Every structure is written in structure tokens, then in C-alpha cells.
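Trainee: Let us go through this model by question and answer. Where do we start?

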Amino acid sequence: MPTDTQSIVVACDGSEHSLHAAKMAADLAKATGQPLKLLAVFPGTKVEQLVVTGVWPTELEEEAKDYGRKVFKTVRESVSGIVEPKEDVLLQGEPAKEIIEYLENHPGTHMVLGRRGHSMVRSLTLGSTSEKVVRHANGPVTVVSE
């Protein structure tokens, strides 16, 4: 496992917790000189809901892109004046699984995420995304609590 951080990546969903985490990640990126990347995961549960309602695959892809655009725009506004994010990464599926896979495929990543996102009720029954990521990550993870 690499010990040198090559980038700071913040997992975001547009929630207040993820925006707070984004500001902390931006401060960390600025202080260390590392690039800041934004990562959003279009949730698998949202995909399932859209499929059940009859959304076509092409429409589903557009829904995911629209979700990413909205989240990234909100986060970019939140970190404006601190540091300019270098890359937007949009994944699709179960958030914890996708974030863990991203970390496995991108050694040297320092992941920053909020303690709670938009799926508060789901996290009470299935466990939080941040908890799963911390438990299974192969690199540094910072969980930001308000």
C-alpha cells in the first residue's frame, strides 16, 4: 500500500454533511498541494426505482449525468475560493461499494467523506456508507462530522 498521498478525493451527494466534508477536503488539498477530486455515486436504489417506473436505459444514463451535474455544481460552489477541483468522478451503484472499489483502483488516494448523507433512514438499518468505507478501505479515510 502506498504511503504517499497523490490526491484528495471527497465523496459527495449534495447533502449538508458532504458539503462540510468538501470544504475540509479543499482545505486539506490547499494545505498539502494535492489535487482535489470530486466523487459522486448515483445510488443503485435510485436506479432500481427508475427501472421499476419504466425509465429506459438511455434516460437512466441521463438521470445519472444530471445527478452528477447537480452535485458537482453544488460542491464546486461550496469550495469556491479555497481550491479548484481538478476532476469530477461519477460512479453508479451502491455508494460504499463503489467508493471502496475506487480506492482499490486508485492507490495514493486520501478519501474524505461526511458522516451522514441523504440516506439517513437507510443507514440506520443497513449501516452507514462512511462506516463501511472506513472498515474496508485500503488507504487513508477522513470522516468529517459536524
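Mentor: With a term. Buried means under 20% relative accessible area, exposed over 50%, partly exposed in between (1.4 Å probe, protein chains only). The model is predicted: local features need pLDDT of at least 70, side-chain atom pairs count only at pLDDT 80 or more, and totals for chains, interfaces and linings use all residues. Residues are numbered from 1 along each chain as its sequence is written, and side-chain values use heavy atoms, with hydrogens and water left out.

Trainee: Which residues are buried in helix 6?

Mentor: Helices (H or I, at least four residues) and strands (E, at least two) are DSSP runs, numbered from the N terminus. Helix 6 spans residues 129-136. Its buried residues are Ser 130, Lys 132 and Val 133.

Trainee: Why do they sit on the same side of helix 6?

Mentor: The arc is taken from the directions from the helix axis to the C-beta atoms. They lie on the same side because they cover an arc of only 165° around the axis.

Trainee: Is Ser 78 buried or exposed?

Mentor: Ser 78 lies in helix 3 (residues 57-79). Its relative accessible area is 17%, so Ser 78 is buried.

Trainee: Which residues is Ser 78 in contact with, leaving aside its neighbours within four places in sequence?

Mentor: Contact means heavy atoms within 4.5 Å. With those neighbours set aside, the partners of Ser 78 are Leu 19 and Lys 23.

Trainee: What pattern does the protein chain follow?

Mentor: The protein chain has 6 helices and 5 strands. Read along the sequence, their order is β-α-β-α-α-β-α-β-α-α-β.
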